[in-house]
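Please work through the exercises below with the sequence and the 3D view side by side, and try each task before reading its solution.

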Amino acid sequence: MHLSMFLLLILALFTSLSLARTVVPGIIRWTDCAKSVPELTTSGTLNTSAIDLTMLPPTLHCGQLDVPMDYSKPFCETNMITLGLAMYRPVNPKGVLFFNPGGTDAGVVVAWEVALNVTQAFDGLLDLELLVLDVRGTFSSNQLNVSLDTLTPLFGSYEFDAVKNISAAAIQSWIDNSLPPGIIQHVGTKEVVRDYEQVRKALGYEKINFLGASYGSFRATQYAATFPERVDRFVLDSVAPHGRQALDDIEATNRLMQRADAYCLNNASCPFYGKGKGSVLKAYKQVLTIARQTPFFIPECVNTTTCYPYATDTDVQTLMLGNLLGAPDFPAILDGIYAALNGNGIFFGNGPRSLESVVAMPLLCNDYGYERNFETFQSSLEQGLKNDITGIGQTQVWLIQLMCSAWPFPVPSSQPLAVNNKMLLVTADFDASAPTEWTTFAWEQAPNSALVVRHGDDHVSFLLVDQPSTKITKAFLNTGILPMAQEIGPCSVRRKRPTLRRWISIGGEQLNQLNHVVQFVHHHGVSRQRLPKIDLGIAADAYEKAKAFVAPLNNTQKIAIVMVSSFTSDNATRKAYTNTDGVSRLNFFMFVSGFPMGNANTMTWDRDLIAAQFKAVGDEYFATGYNVINGALLGPLGRVPEGGRQNEAFSPDPFLSGVAAAEGVKAQKEAGIITGVRHFLLYEQESNRTGGMGPSSSVYSSNVDDKTLHEVYMWPWGDAINGGAAAVMYAMPRVNDTHSCENNELLSGKLKEELGSPGFVCPGESAQFSSYTSANAGLDYSPYSDELWTQATLAAGVANCSLPQAQLDDMAIRSVLPYYFNNYHNVLRNHSALIRKIGGEAISLLKNDNTNGGGLPLDKLLSISLYGSHAGPALAGPNFAWGVQGTSADIFQGHLVSGGGSGQLSLPYLITPFQALSQRAYEDNSMIWWIMNNTYSSSGGSGQTFRIGGSTGVSPSYAEYASESAPPWPGIIADVLYGDVNPSGKLINTIAKNASDYLASVCKTTECPFSEGVYVDYRWFDKEGIEPRYPFGHGLSYTTFSYGDVTVTITNSSASTSKYPVGQLGLGGQVDLFDEVIAVNTTVQSTGFLDGAEVAQLYLSFPDAADQPICILRGFEKVKITADQVAAVSFSLCRRDVSYWDVVAQKWAVANGTYTFSVGSSLRDLRSNTTLVI
C-alpha cells in the first residue's frame, strides 16, 4: 500500500468520523512459509486461498527477527518486538535488494508474489535476493491494536481544538491497547531504518541495494543518511515530503484538476465535452456551493452502515482529494461531478472506516516534526489556500497535522540525504500523492544522482512494468550506472546539477550544510561486541587470559573491576589499577625526574630517543607503584596553535604523531605500564571543554567531515593501537553534537571496531554524563564515576536490561586485558643523562649567520648578555607544589620549563639559562650581563655579544636562534650554544610570519566546524601558497649535508594491484594496511667539517583522484654521520601510507595514477625526487 492508499483510509476523519520464545538477537529464525501466509491488502494481487501450501517454491523463504522495541535502550525480553519478513532467494544471488512498497501494506506479500510468479514487476532483477519486511506495528511485525472507533463525527470546516481532543482520546486508546507497552511511539521511520540495518547484519551483506516506493522512499533516504557506508544502489520512486509539503500538495492537486479539465477538451465521452476550457473547474465549484448550502441527500445510504446519507461540502473536498491521489480514474471523477450537478451526490458519499490493521496515524505522527498548535496549522492553511486556484481546499499535510495535533511524544529529526552515494530518483509530474517537487528537491541535494521524470499521473512508476522509467530503474539496479540525460518517450532523465541548496528536513528543522558532512548517529543501544571478530594479533593471548579470569566471576566482582575496586574472594583476587596523569613525569612527586615535554621529545625526530624517554618515564611510574598512565596525547593533535596542551602532545602532522605514539606505547608496555592514550577524539582546544562559553553552557562540539576524520585525526590512533595501546581515554567535548561518552558510533564503531582497540575505554575527568548510556556506548572502566556508577546502580541496570549482561562481561574483559598484555619488571635508574641527551637533540636551530665570524657556535666570547625574566628563576619553585611559579602577568615571570595542569613536571631541581651561562662565563673567564625583566630592549655592550630572554612565546628576535620548545634542562642550552652538541632537532609544526596566516583559531561558540578539512598546519600553508617564517621539518646544523638520488621499489606487487585492503580487521585497522608495499632509498652525505645528525624526510604527492594535499609526510629517518661520510637511508611505506579514505566505500583506497616521492631536509628544502605509477 502506497502513501496515497493509506491516506485514503484516513481522509474521512475530517468529515464524518463515526468510524468503526527464547530471545536470540541478531539471528533470523527461518520459519515454515505454509504457516506464515500473509494477510491480503488493498493493493495485493495474491489470492492466498488458491495457493497450494504443500508445493511452495524453494525460492520463497519466511522468517522472524527479534529487535529492540526502543533502540535507545538495550535489547532484552522486556524491550523486544518480532519482525516478520519474507524473501525471494535464488540459488546463486549476486546481491540483495531491499524493497519497501510504502505505506503500511503487508510487505511480505510482495516476496510471495515474486516467488509464485504472479507479478512481473521484478522481472530482470531475479538474480538478486529480494527482502521485504512488514514494517513494525503491522501484520506479522507486532501488529498494533489501532482503531478509529473512538473518533466521533466531525462536520463543517476544520476545528483544530475539537479535532485535537478527539485525536487525543483515540491516541490514548491505542497507547493503552497496543502491546508491548510503549510500542506506539516506536513505529516511526527512525526505528524502521534501524530494523533494516539489523536485517542486513543478520543476512551478512556489507552493502544493500534498496528500492523505496512512495513512503518507502523516505525510509530509503533515512537509511542512506543513517548508514551511508551500507549503501550500494538506491532507487527512490516517488519521494516522500521534505518540508514544503502543503504548498507542493496544493500545486499537485491543482495540476490534476487542470488535467481533468484538459481531458474533457479532447475526449467525447466526458460529460463536459464541448463546453470549453475551465468547464470542469467551474462545475466542481458549483458542486461545492450546492453541498455547502444543503448537504447532498444519498438515499442509498439510508438504513445502512456502509455509508452516510448526507455529504457536506467538506465531504466533497475530502473525496475529491482522495480520488486524485494514486492513479486517478478521470472518467469516474468527471461522471461523479456531473451527477452531483444533477442532484445525485453518491460519488461523494462517505462511509465508516476502520484502521484495525493500519498504523498510518502512529507512523506519520512519529515522523512529522512541526509545532503542534493551531497557529502553525492556521499559517499553513492560509498559505496553502492562497495558492488553491481550483478549490480542492485540502491536502495530505493538513490532514496529518490535524491527526497528529495531540501526539504526546517527541518527534525525532530526520537526517539529511546522503549526498555522496549514487542514487536514481523517479517521479511522475502529475502525481498528487508525492508531488514531483519533493523528488526534484531530493535530487538537487544529491550530486551523484539522476532524476527520471515520467510524464503521467501514476504514483510509483516502478509498478508500470512496460514504462521506460521502470526499465531505467532495473538497468541501474543491475549495473550501478546512472543513465545519461535524455528524453525517452514519455519520460525524461536529468543529470545537470543545479546549485547545491541546503537540506530542509521534514517539519522545517534547522538547516544542515551539506558537502561531505559526516552524520554520526547517536547510538544509545547496546555497544557492539567486537573482540571475537577482530584479529587481535599480539593481544590475542591476553584476551584469552582475561576472558578466562572473568568467566567465573559474579556480577558484584565484575562491577568492582570496571569501578576500579579491589576484591578478594574464594574464586578470585584482583587488585585495582592505580593510575595518574603523566606524559613526561610523575606529577606532584618528589625525587623523580622531569623529562622534556612531549613536543620537545618529538622534535628530536629520533625513534630511539622517543622510545627511550617513554620507557624511562614508565620505569619511574612502575617503581612508585602505578600501573596505568594517563599518558601519550594524540588529542590535541595541534589544529589550533593556541589551543593549549600542545606541549604535551606530539605534532600536528598525523604521520609523525602516529610514529611517536606507537614508539611510546611499545616502550611503556616493556616497562610494565598500561598507557592510556588520550584524548579520543577531536579534542583540539582547552577553551569551553567543560562548558561556560558561547550562548549555552554546553561543551563545544567538534564538527568534522568523514574524510578529515580518518585521514587526519584517526590516523595516529591506528598506529598507537597497532603498536599495542590497550587503554584509551575519551575526550570531554562533543563530536558532531553528541557527547563522546555517549557516542556509540565513535567509541564502539570507530575505536573498537574500525581501529580494533582491544582494551578498556575510560573517561576524562568530568567527561561522563550518564550511567547506562555511556556504558552501552563503549565506556568500560572509570575511576571518575562515583556518582554515576555504583554497585547498586550497575547491578540494577543488569537486572532491568538497562545494562545487558553481555555488555558488563565485555567491559570487565576489556578492563582486565591490559594486565595480561604488559611485561612487568622494576627498573629504577638515574635518568639525568638521557634527559640531557634528548634535550640537546630536541633543540632546533632556525637561523644562523656565520658571516663576519658571528653566529653559532659561540667561541672565545668577551661577554654575553641575557635579557628578560624568562632567563632566570621564578620567585619560588621549582614546582607548583611549592606554591608560586610565576604570576598572572601576560609575560611569565621566571623560567618556564614545562606546561601546566596535568602536564606539569615535578622537578627535583632546575638549572636556568642564567645559571648555565654563568657557569660558562666562569669557566671561560668571560663576562656575563643580565637584566631579568621585560622592560629593557637596548643591546649595548661591545665585542661579540649574544642575547637570550624575552617572552615564553616565539618572537622574531628569539626565533632567530631557537624554537619555543627548546627544553633548557641542566646545561643543555649552553651545550648547544657553545657547540658541545651539534643541533639536529627539527620543527614539528609550521611557524608563521603572522598569526592570521593560520586558518584555525580557538572556537568561542558551542559549534566548532573543522572547516579546513584535512588542511592542518603545513598542508594549509601549501594549499594557499603562504610563505611561513619557518617551515615544517626545518632545523639547521653546524655542519651541512647533501642528498643522493631517490629510488622507489614496489615490494608487494599483489597488494599494489588491489584498490582496497582485503585483510581482516585487526589492531589499528585491517591487518594488511600495515604491510609494507613500497621501499624508498637514498643517501645522505656530510659535506661539512663536523660530525652531525640529519633527519631525512620523505614527502608523498598523490594522484589527483585521491584528493590529497600537495604533499604529506610519509617517512623520516635520523642518521648520525661523521664528517665527509655517506649514510644509506631507507624508508618503508605500508599500504595505508599510500592510501586515501574513500568516503563512499568507507575503506582506505589506493588511487591509480602517478605518485611523487620527494626527500629532503624539510618540507621546503626537498633535494631529490622520483615518481611511481600505480
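The exercises that follow concern aromatic rings, charges over rings and disulfides in this predicted model.

**Exercise 1. Classify the ring pair formed by F98 and F210, and state which parts of the chain the pair ties together.**

Solution. Begin with the distance: the ring centres of F98 and F210 are 6.2 Å apart, and rings count as a pair if their centres lie within 6.5 Å. Next take the angle, which is 55° between the planes; because planes under 30 degrees apart count as stacked and those over 60 as edge-to-face, with the rest tilted, the pair of F98 and F210 is tilted. Then locate the two residues: F98 lies in strand β4 (residues 96-100) and F210 in strand β6 (residues 208-213), so the pair ties together parts that are 112 residues apart in sequence. By the same rule, the count for the model comes to 34 aromatic pairs.

**Exercise 2. Decide whether F98 and F210 are buried or exposed, and find the aromatic cluster that holds F98.**

Solution. The relative accessible area of F98 is 0%, and that of F210 is 0%. Since buried means under 20% relative accessible area, F98 is buried, and F210 is buried as well.

**Exercise 3. Find the aromatic rings over which R259 and R607 lie.**

Solution. Start at R259, which lies over the face of F430, at 4.9 Å from the ring centre. Then turn to R607, whose charged end sits over the ring of F1116, 4.2 Å from the centre of that ring. Both distances can be set against the cut-off, which for the CZ atom of Arg is within 6 Å of the ring centre.

**Exercise 4. Describe the link between C33 and C62: its sulfur distance, its handedness, its place in the chain and its burial.**

Solution. Recall that a disulfide is a covalent bond between the sulfur atoms of two cysteines. A disulfide joins C33 to C62, with an S to S distance of 2.1 Å, and the cut-off to check this against is within 2.5 Å. The angle about the S-S bond of C33 and C62 is 115°, and the link is right-handed. This pair links distant parts of the chain, for C33 is in the loop between β1 (29-31) and β2 (60-67), whereas C62 is in strand β2, 29 residues apart. Finally, C33 counts as buried at 6% relative accessibility, and C62 is buried with a relative accessible area of 4%.

Terms used
Residues numbered from 1 in each chain as written. Predicted model: local features only at pLDDT ≥ 70, side-chain atom pairs only at ≥ 80, totals over all residues. Heavy atoms only, no water. Phe/Tyr/Trp six-rings, centres within 6.5 Å; stacked < 30°, edge-to-face > 60°. Helix = DSSP H or I, 4+ residues; strand = E, 2+ residues; numbered from the N terminus. Buried < 20%, exposed > 50% of the residue type's maximum accessible area, 1.4 Å probe, protein only. Lys NZ or Arg CZ within 6 Å of the ring centre and 35° of its normal.
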